[in-house]
Amino acid sequence: MFLSAVDKDYWRRFKPENAAGHVRLLASVKALDAFALECGEIGEEVWEVALAVPDFWGVFSISTGLLTLSGLSILDAMTYSFPRSRRE
C-alpha cells in the first residue's frame with residue numbers, strides 16, 4: 001500500500017490532504033500503459049503537477065523534458081518510487 005511504502009521524506013514534504021490526493025491519483029492508474037495527471041494552481045503563475053505512472057526507466061526525465069519543451073519552467077521536482085508488489 002502507498003501509505004506504508006513511502007519514506008519519511010515524503011511525509012515531511014506533503015500534508016495529509018496532499019497524500020490523500022496522491023493515493024486517489026495512484027488508484028486511478030490501472031494498467032502498465034496508463035497514467036494519471038493532476039494540475040493545480042498554487043500561486044500566481046505557479047502550478048503543481050502530479051503525475052502517477054508505472055515505474056519505468058526514463059519516465060521521470062521524459063515527463064520533465066516534455067514539460068520544459070512545452071515552455072514551462074520547472075522550479076522543483078520530486079519523484080517517489082517503490083516496487084510494484086508494494087503498490088498493490
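Author: A salt bridge is a side-chain nitrogen of Lys or Arg within 4 Å of a carboxyl oxygen of Asp or Glu. The structure holds one salt bridge. This is a predicted model, in which local features need pLDDT of at least 70 and side-chain atom pairs count only at pLDDT 80 or more, while totals for chains, interfaces and linings use all residues. Residues are numbered from 1 along each chain as its sequence is written, and side-chain values use heavy atoms, with hydrogens and water left out.

Reader: What makes the contact of Arg 13 and Asp 76 a salt bridge?

Author: Their side chains meet at 2.8 Å, N to O, and the cut-off is 4 Å. The pair links distant parts of the chain, 63 residues apart: Arg 13 lies in helix α2 (residues 8–13) and Asp 76 in the loop between α4 (59–69) and α5 (84–87). Helices (H or I, at least four residues) and strands (E, at least two) are DSSP runs, numbered from the N terminus.

Reader: Why is Arg 13 called partly exposed?

Author: Buried means under 20% relative accessible area, exposed over 50%, and partly exposed in between (1.4 Å probe, protein chains only). Arg 13 has a relative accessible area of 42%, so this residue is partly exposed.

Reader: Why is the pair of Tyr 10 and Trp 11 called edge-to-face?

Author: Rings of Phe, Tyr and Trp (its six-membered ring) pair if their centres lie within 6.5 Å; planes under 30 degrees apart count as stacked, over 60 as edge-to-face and the rest as tilted. By this rule there are two aromatic pairs. The centres of Tyr 10 and Trp 11 are 5.0 Å apart and their planes stand at 90 degrees, so the pair is edge-to-face. Tyr 10 and Phe 14 form a tilted pair, with 4.8 Å centre to centre and 40 degrees between the planes. Tyr 10, Trp 11 and Phe 14 form one aromatic cluster.

Reader: Which of these count as buried, and why?

Author: Tyr 10 counts as buried because its relative accessibility is 2%, and Phe 14 counts as buried because its value is 13%. Trp 11, at 37%, is partly exposed.

Reader: What makes up the largest nonpolar core?

Author: Five residues do: Leu 25, Val 29, Ala 36, Ala 50 and Ala 52. A nonpolar core is a set of buried Ala, Val, Leu, Ile, Met, Phe, Trp, Tyr and Cys residues joined through side-chain atoms within 4.5 Å. In soluble globular proteins, nonpolar side chains tend to be buried together.
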